[in-house]
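The following exercises are meant to be worked with the sequence and the coordinates side by side. Try each task before reading its solution.

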Amino acid sequence: EPHANPLASEADSFIRDCYRELGESIERTEQRIRQIHEEVARTGTYTHTLEELAHGARMAWRNSNRCIGRLFWNRLHVFDCRGSTTEQSVYEALLRHIEYATNGGEIRSTITVFPPSTVHGNPIRIWNHQLIRYAGYVAPDGGIVGDPASVAFTKACESLGWRGDGTAFDLLPLVIQCGDNAPKVFELPKDIVVEVPIRHPEIDLFPGDVIKWYAVPIIADMRLEIGGISYAAAPFNGWYMGTEIGARNLADKSRYDLLPRIAAAMGLDMSSSLSLWQDRALVELNAAVLHSFRQHGVSIVDHHTAAQQLGTFRKNEEKEGRDVTGRWSWLIPPMSPATTDIFHSSFEDRVLNPNYWSQPAPY
Ligand code: HEM
Ligand SMILES: N=C(Nc1cccc(CNC[C@@H]2CCCN2)c1)c1cccs1
């Protein structure tokens with residue numbers, strides 16, 4: 001029936017999809033929809049059951065058009081932390097997330113959901129882009145130490161009183177803000193953070209230097225929207241695809257920019273692009289990333305395997321009668337894209353709900 005309240009119609013379509021997928025009867029579905037309409041009429045919002053929250057988070061992953069890793073969408077562990085309303089309790093939940101997800105290297109895809117941004121205010125925001133990330137510092141001569149992508153957030157942390165050691169791999173603190181309170185800064189205990197030293201099986205790529213990367217990517221700055229309810233703090237992790245580290249984070253000129261150093265260490269002819277020295281350095285760096293993660297028993301996927309898994313995801317979804325949407329420009333890997341089937345496929349970049357959304361940085 002027509003809805004005056006857009007929240008009620010968002011809830012309607014989510015509950016119908018969610019309950020159909022969970023095999024609920026139409027009677028149970030209609031009853032739950034009536035119950036939500038009453039709650040929305042009374043309070044202006046509504047509260048998801050744990051099952052609706054968990055399946056909604058999984059549906060949102062399945063609908064993430066820019067994600068190559070969606071084959072495993074239905075195996076997401078969900079921590080319901082909607083009762084965590086203080087900075088301290090959020091901090092403790094984040095440490096538990098890191099430990100559970102890391103699992104000694106056998107990474108488990110996990111999401112922790114904090115209280116939604118409701119009409120009653122007091123939204124919770126985590127200021128970090130990822131729970132684990134390296135600081136970036138601008139030196140007096142304009143050069144950058146650490147991750148250039150972290151310079152703005154590092155400055156925000158320093159303006160909140162934080163001080164790093166000034167190395168290229170300083171772990172950033174967790175910054176948690178509840179409602180209109182001042183954001184609170186919490187140190188990340190080093191002993192729960194697993195890092196992997198990057199070494200090539202045959203070549204010394206960084207003579208006299210230790211290059212490393214952290215094991216678990218945990219996105220903390222996206223908004224999870226389910227049935228019209230927004231969860232502005234819902235950090236989620238999977239495992240890395242090797243190219244993210246080897247072809248972007250350590251390779252981009254605007255990141256750690258390691259390709260020239262590697263090519264020099266390999267003795268390549270860097271006088272002309274014709275030697276493809278950048279490509280040769282890139283391949284060996286990516287081989288080193290995959291080799292190092294595997295040697296340390298930390299989950300990682302190469303871009304060829306990940307592309308095949310996306311193909312399997314696509315077949316599974318078509319069998320289930322669901323459309324498969326995707327954004328081609330994000331789904332192709334940043335290295336050797338044309339060696340994957342994704343490059344030779346097309347995807348409809350239509351937005352489905354529930355989903356994960358970017359949101360403006362709170363600093
Ligand atoms: C399990 C292993 C997973 C792998 C290997 C994987 C891989 C990736 C990669 C390579 C990207 C592109 C990132 C970039 O280029 O910056 C991506 C994007 C994305 N992934 Fe996945 N993913 C995994 C799990 C997950 C999980 C568990 C979720 C959420 C529950 C998720 C949600 C997303 C979203 C929302 C994006 C788009 C991010 C943006 O728009 O900035 N992924 N994924
Ligand atoms: N493997 C991962 N990589 C990933 C996923 C989503 C977003 C990101 C970070 N993307 C932002 C960067 C910076 C701009 C373009 N890429 C990384 C995962 C992170 C969390 C779950 S899976």
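**Exercise 1.** Where does Cys67 lie?

*Solution.* In this predicted model, Cys67 is found in the loop that runs between helix H3 (50-62) and strand E1 (77-80).

**Exercise 2.** Classify the pair formed by the rings of Tyr134 and Trp213, and locate both residues.

*Solution.* The structure holds 14 aromatic pairs. For Tyr134 and Trp213, the ring centres are 5.2 Å apart and the planes stand at 85°; since planes over 60 degrees apart count as edge-to-face, this pair is edge-to-face. Tyr134 belongs to the loop between strand E3 (124-126) and strand E4 (136-138), whereas Trp213 belongs to strand E9 (residues 212-214), so the pair ties together parts 79 residues apart in sequence. Both Tyr134 and Trp213 are buried.

**Exercise 3.** Which parts does the pair of Trp213 and Tyr256 tie together?

*Solution.* Trp213 and Tyr256 form an edge-to-face pair, with 5.7 Å from centre to centre and 85° between the planes. Because Trp213 lies in strand E9 and Tyr256 in the loop between helix H6 (242-249) and helix H7 (259-265), the pair ties together parts that are 43 residues apart in sequence. Trp213 counts as buried at 0% relative accessibility, and Tyr256 is buried with a relative accessible area of 12%. Finally, ring pairs link Tyr134, Phe169, Trp213, Tyr214, Tyr240 and Tyr256 into a cluster.

Notes
Residues numbered from 1 in each chain as written. Chains lettered and ligands numbered in written order. Predicted model: local features only at pLDDT ≥ 70, side-chain atom pairs only at ≥ 80, totals over all residues. Heavy atoms only, no water. Helix = DSSP H or I, 4+ residues; strand = E, 2+ residues; numbered from the N terminus. Phe/Tyr/Trp six-rings, centres within 6.5 Å; stacked < 30°, edge-to-face > 60°. Buried < 20%, exposed > 50% of the residue type's maximum accessible area, 1.4 Å probe, protein only.
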